[in-house]
Amino acid sequence: MSEPTQYRFSFGPWNISEGADPFGPDVRQPVSMEAKFDLYRPLGFEGVQFHDDDVVENLEELSPEQALKRAGEVKSMLDDRGLIPEFVAPRLWFPTETIDGGFTSNSAADRQYAIDRSLRSIDIARAVGTKNIVLWLAREGTYIREAKNAKVAADRILGALNQMLDYDQEIEIWIEPKPNEPMDHTYIPTIGHALTLAYASKDPARVSGLIESAHAILAGLDPSDEMAFALAHNKLASVHLNDQNGLKFDQDKAFGSVNLRSAFNQVRVLEENGYGKNGEFVGLDVKVMRTQKGQPCLDHLKNSRETFLYLVEKVRTYDRSQEKAFIEARDYEGLDAYILRHLMGVS
Ligand code: GLO
Ligand code: MG
């Protein structure tokens with residue numbers, strides 16, 4: 001038996017939010033980035049997920065030199081607190097140039113903007129101390145099918161990936177698939193799409209996937225199977241654990257809060273396949289409820305991390321001989337009941 005995995009956790013500063021939604025303004029005060037960094041370790045987190053403009057605020061107003069200088073300052077803030085930057089993601093969905101998409105925009109100038117911004121975020125990633133780039137391809141899709149040529153779009157996404165791989169021979173790219181929101185449909189909705197791009201790229205060893213539970217659910221898929229598929233290809237670079245109550249807007253609910261059994265299965269697949277043994281983070285991408293009082297609100301992070309760890313215990317205390325006996329007898333009714341009893345803590 002190998003040593004049990006000591007999991008380490010990450011979240012992004014956007015997970016400490018002001019609580020705005022499309023129908024109402026902020027309900028909490030903003031917290032500065034540096035003050036957010038102070039909150040990580042006491043909560044049990046050591047990894048920080050970043051967008052390029054979380055590292056360098058007002059990125060577009062700064063020269064490349066100024067931006068790198070700022071990224072270096074942020075690196076020192078992280079070092080001082082024993083924090084690790086997990087990845088940097090180019091924010092290809094806020095700027096006006098990305099209204100019609102990034103790499104798949106119908107405007108050549110806007111496509112170039114998306115490439116330039118992505119290369120810039122590689123420089124920022126290196127300066128803040130990570131080689132990992134996340135591509136959440138937020139606006140690579142359409143609201144109506146006829147608006148873009150989907151075949152050309154797929155070629156363009158691959159072309160962008162290759163340009164990024166060429167730009168820096170050491171970076172790794174982690175694609176985070178999501179089927180919808182903000183688009184009606186996106187071009188890279190599942191891990192199967194993401195890994196096809198990885199294998200088609202000029203350096204497949206440097207391209208892998210990041211699976212978010214809610215995104216898999218929105219695609220009508222089981223998050224643990226999506227994770228298992230990536231693990232089978234040795235391409236699960238990270239996860240964004242959270243939960244989702246059916247086919248609605250992306251809810252980013254606390255991990256396990258909707259479907260505890262699905263959460264158990266995600267933890268089971270990660271634990272059984274040694275996820276985390278090579279330093280992979282257990283990433284969270286969770287929103288606090290808008291209704292929550294307090295400043296700042298952190299319970300959704302604390303609770304999600306604890307739920308993960310309780311479920312690790314459930315996986316480790318799962319009676320494997322009983323599981324085996326049920327499977328050998330093809331008694332999946334028995335297995336089903338055993339799992340429910342185990343999760344409920346009764347026997
Ligand atoms: C949105 C995504 C988003 C990404 C983040 C990092 O639905 O989950 O939060 O994870 O931008 O790429
Ligand atoms: Mg996410």
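Q: Where does Val346 lie relative to α12?
A: Val346 sits in the segment after α12 (332-344); helices here are DSSP runs of H or I, at least four residues, numbered from the N terminus. This is a predicted model, where local features need pLDDT of at least 70, side-chain atom pairs count only at pLDDT 80 or more, and totals for chains, interfaces and linings use all residues. Residues are numbered from 1 along each chain as its sequence is written, and side-chain values use heavy atoms, with hydrogens and water left out.

Q: Why is Val346 called partly exposed?
A: Buried means under 20% relative accessible area and exposed over 50%, with partly exposed in between (1.4 Å probe, protein chains only). Val346 has 45% relative accessibility, so it counts as partly exposed.

Q: What makes Gly159 partly exposed?
A: Its relative accessibility is 30%, so Gly159 gets that label too. Gly159 lies in helix α5 (residues 150-167).

Q: Which residues touch the most other members of the largest nonpolar core?
A: Phe37 and Phe308 do, out of 83 residues. A nonpolar core is a set of buried Ala, Val, Leu, Ile, Met, Phe, Trp, Tyr and Cys residues joined through side-chain atoms within 4.5 Å. Helix α4 (residues 108-128) gives the largest share, 7 residues.

Q: Why is this core said to lie between domain 1 and domain 2?
A: Domain bounds come from an automatic or database domain assignment. Both domain 1 (8-316) and domain 2 (319-347) give residues to this core, so it lies between them.

Key. Chains lettered and ligands numbered in written order. Helix = DSSP H or I, 4+ residues; strand = E, 2+ residues; numbered from the N terminus.
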